[in-house]
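Have the viewer open and follow along.

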Amino acid sequence: MKRAINILGGLALLALLFSSCGNGNTIIDKNNDVENHNWTYVNKFRYDVAIDDASSRYNIYINLRVTGDYKYSNMFILLTQVDPDKKSTTTRFELKLADKDGAWLGEGSGNLYSYQLRVLSDYKFPAKGAYTFYIEQNMRDNPLREVSDVGIRIHKAFE
């Protein structure tokens, strides 16, 4: 038991060290818990992002964790971007979570499967300034069960 605690403590320390060593290209990498693993239509997750360099290109990812009991092989989400001039654009994306045989495509840990799915590649923001992103589920089920976490990651694309 004592050895297991030491191993877990060591793993937690490594995770903390690696999470604090981010490269300067990551603008945001933030996740939110989904209450009771039930994602409702009204539960839109908000992310505020400061873009200081509008000449660079960016990759935008949706972070997602579902349990092994999630009953679909995909998920539809709506990603809304509000520009500094308050112009709003909403795009619907399909996130593929399992292959045609039902095997999860994400990284598994226990009964949770983690995904970081690129939805926009080499994206160029129209201007520098403060942007707001909203992520909402767009499936037929309300609530959408067995969704643990939702988030966004934006980083500069490598040139």
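Asparagine 36 counts as exposed, at 61% relative accessibility. This residue belongs to the loop between β1 (26-33) and β2 (38-39). Its phi is positive, about 55 degrees, although asparagine 36 is not a glycine.

Histidine 37 is in the loop between β1 and β2 as well. Here too phi is positive, at about 60 degrees, and histidine 37 is not a glycine either. With a relative accessible area of 29%, histidine 37 is partly exposed. Please keep in mind that the model is predicted, so these angles are computed from predicted coordinates.

## The overall layout

How many helices and strands does the protein chain have? There is one helix, along with 11 strands. Read from the N terminus, the order is α-β-β-β-β-β-β-β-β-β-β-β.

Of the 159 residues in the protein chain, 35% are buried. The accessible surface comes to about 9,800 Å², and carbon and sulfur atoms account for 50% of it. If you take the contacts between residues at least 6 apart in sequence, 77% of them join residues at least 24 apart.

## An open sheet

Four strands make up an open sheet in the order β3-β9-β5-β6, and their pairing is antiparallel. At the edges are β3 (45-51) and β6 (88-96), each of which pairs on one side only. From one strand to the next, the twist averages 25 degrees.

Inside this arrangement, strand β5 (residues 74-82) runs antiparallel to β9, and six bridges join them. To find a spot on that pairing, look for leucine 79, which stands opposite isoleucine 135 in β9.

## Aromatic rings

A pair of aromatic rings is described by the distance of the centres and the angle of the planes. The structure holds eight aromatic pairs. One of them brings together tyrosine 58 and phenylalanine 125 in an edge-to-face pair, with 5.2 Å from centre to centre and 70 degrees between the planes. This pair links distant parts of the chain, 67 residues apart: tyrosine 58 is in strand β4 (residues 58-67), while phenylalanine 125 is in the loop between β8 (112-123) and β9 (129-137).

Are these two partners buried or exposed? Tyrosine 58 has a relative accessible area of 1% and is therefore buried. Phenylalanine 125 is buried too, with a value of 2%. Both belong to one aromatic cluster formed by Tyr58, Tyr123, Phe125, Tyr131 and Phe133.

## Arginines over rings

Which ring lies under the charged end of arginine 92? That ring is the one of phenylalanine 76, and the charged end sits 4.0 Å from its centre. Another arginine, arginine 153, lies over the face of tyrosine 61, at 5.5 Å from the ring centre.

## A buried serine and a cis proline

Serine 148 has its place in strand β11 (residues 147-156). Its relative accessible area is 6%, so serine 148 counts as buried. Leaving aside residues up to four places away in sequence, serine 148 touches Asn32, Asp33, Val34, His37, Arg65, Val66 and Leu112. Among these neighbours is His37, the partly exposed residue from the loop where this tour began.

One more backbone detail is worth a look. The peptide bond that joins asparagine 142 and proline 143 is cis, with omega at about 10 degrees. Proline 143 lies in the loop between β9 and β10 (144-145).

Notes:
Residues are numbered from 1 along each chain as its sequence is written. This is a predicted model: local features need pLDDT of at least 70, side-chain atom pairs count only at pLDDT 80 or more; totals for chains, interfaces and linings use all residues. Side-chain values use heavy atoms; hydrogens and water are left out. Helices (H or I, at least four residues) and strands (E, at least two) are DSSP runs, numbered from the N terminus. Buried means under 20% relative accessible area, exposed over 50%, partly exposed in between (1.4 Å probe, protein chains only). Contact means heavy atoms within 4.5 Å. Accessible areas come from the Shrake-Rupley method with a 1.4 Å probe; for residues, only the protein chains shown count as cover. Rings of Phe, Tyr and Trp (its six-membered ring) pair if their centres lie within 6.5 Å; planes under 30 degrees apart count as stacked, over 60 as edge-to-face and the rest as tilted. A charge sits over a ring if NZ of Lys or CZ of Arg is within 6 Å of the ring centre and within 35 degrees of the ring normal. Two strands pair if DSSP finds at least two bridges between them. Axes are lines fitted to C-alpha atoms, for helices over the stretch in contact, and angles run from 0 to 180 degrees between N-to-C directions.
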